[in-house]
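Me: I would like a close look at one part of this structure. Please keep it brisk and start from a single residue.

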Amino acid sequence: MSESSPKNSKNYNAILETLYRMHRQFADLFGRLRRGPKKIAAAEERVAEFQKLCDEAVKRVIALRVVTDDKQARLEAAERNIERRHNQMMEAKNNTEYQGLKEQIAADKAACGVLEDEILESLDRIEEYKVEADRAKQDLKFAKSQLEKITAEVAEEKASLEGEIQRIKEDFRAEERKLDGEHTETYKRLFKTHQFDTLVPVDGMICQGCYTKITMEQIATLYGQRVVLCTACGRMLFLPEGHHL
């Protein structure tokens, strides 16, 4: 189906199609601008996560070191007791006192054996925790470097995107000024709500915004360069160049 516009009248479909392409361009540029802070926020979350893991790993090392040092102090105290009781045995006044000291020494040696095993086990675990802590520190360092890199990239991209937006804004405003009458009134009203989703092309007889079928009467109205809104999504329709049924 094809009809020519009235002689010397504006081709509003062509104007709306140009504005539609600009809308898509603006939507892409502003979308990329919005993604920048999200990238930084995601990188900051990773840094916070690795910082937490690093802190926890360091705390495990410190906590186990404290426990191990306490056991080491108890072992040293027990060894001093053994030495003291050995000296007391040399001065024992009778066999009963001698045997009592001997049993205490045996109990202290058994306790020392347990402590020694626990200390050795703790020392091995401390080394494992240190490896985990070192790995966590490296992960944190990398995450921070990535945050710095992403922050710099986003800042650079932001400057580029804002420059591009300013570059095309003048052409966009000039194209908007080509609208008049019911077109400009409807366009401005819808733009307040839909922004860069204000305009929608028609493919055949289908609104490409919500894929609702429109009527032949609406198609004829669009060919007549009049305003038509989709009855389903409420956006402003236009016939793209080369439209056919």
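In which helix is Arg34 found? Please take the charged side chains from there, and then the cysteines.

Reply: Arg34 is found in helix H1. Keep in mind that this is a predicted model.

Start with the surface around that residue. Arg34 is exposed, because its relative accessible area is 53% and the exposed class begins over 50%. Together with Arg35, Lys38 and Lys39, Arg34 forms a surface patch of positive charge.

Glu76, Glu79, Glu116 and Asp117 gather on the surface as a patch of negative charge. Helix H1 covers 12–90 and helix H2 covers 95–176, and each supplies at least two of the patch residues. Take Asp117 as one member. Asp117 sits in helix H2. Its relative accessibility is 54%, so Asp117 counts as exposed.

Now turn to charges that pair up. The structure holds 16 salt bridges. Three of them are worth a look here.

One joins Asp28 and Arg32. Their side chains meet at 3.5 Å, N to O. Both residues are in helix H1. They are about one helical turn apart, because four residues separate them in the helix. How open is each partner? Asp28 has 39% relative accessibility, so it counts as partly exposed. Arg32 is partly exposed too, with a relative accessible area of 29%.

The side chains of Glu121 and Arg125 meet at 2.8 Å, N to O. Both residues lie in helix H2, four residues apart, which is about one turn. Glu121 counts as partly exposed, at 46% relative accessibility. Arg125 also counts as partly exposed, at 29%. Salt bridges with shared partners join Asp28, Arg32 and Glu157 into one network.

The side chains of Glu132 and Arg60 meet at 3.4 Å, N to O. Glu132 belongs to helix H2 and Arg60 to helix H1, so this pair ties together parts that lie 72 residues apart in sequence. Glu132 is partly exposed, with 33% relative accessible area. Arg60 counts as partly exposed at 34%.

Last come the cysteines. A disulfide is a covalent bond between the sulfur atoms of two cysteines. How many does this model contain? A search of the whole structure finds zero disulfides. Cys210 is in no disulfide, and its nearest cysteine sulfur belongs to Cys230, 3.5 Å away. The cut-off for a disulfide is a pair of sulfur atoms within 2.5 Å. Cys210 itself counts as partly exposed, at 27% relative accessibility.

Now go back to the starting point. Arg34 is in helix H1 and belongs to the positive patch. Through Arg60, helix H1 is tied to Glu132 in helix H2.

How values were computed. Residues are numbered from 1 along each chain as its sequence is written. This is a predicted model: local features need pLDDT of at least 70, side-chain atom pairs count only at pLDDT 80 or more; totals for chains, interfaces and linings use all residues. Side-chain values use heavy atoms; hydrogens and water are left out. Patches are made of residues with over 30% relative accessible area and no salt bridge: like charges are joined within 9 Å, nonpolar side chains (Val, Leu, Ile, Met, Phe, Trp, Tyr) within 5 Å. Accessible areas come from the Shrake-Rupley method with a 1.4 Å probe; for residues, only the protein chains shown count as cover. A salt bridge is a side-chain nitrogen of Lys or Arg within 4 Å of a carboxyl oxygen of Asp or Glu. Lys and Arg count as positive and Asp and Glu as negative; His and the chain ends are not counted. The place of a charge is taken as NZ of Lys, CZ of Arg, CG of Asp or CD of Glu. Buried means under 20% relative accessible area, exposed over 50%, partly exposed in between (1.4 Å probe, protein chains only).
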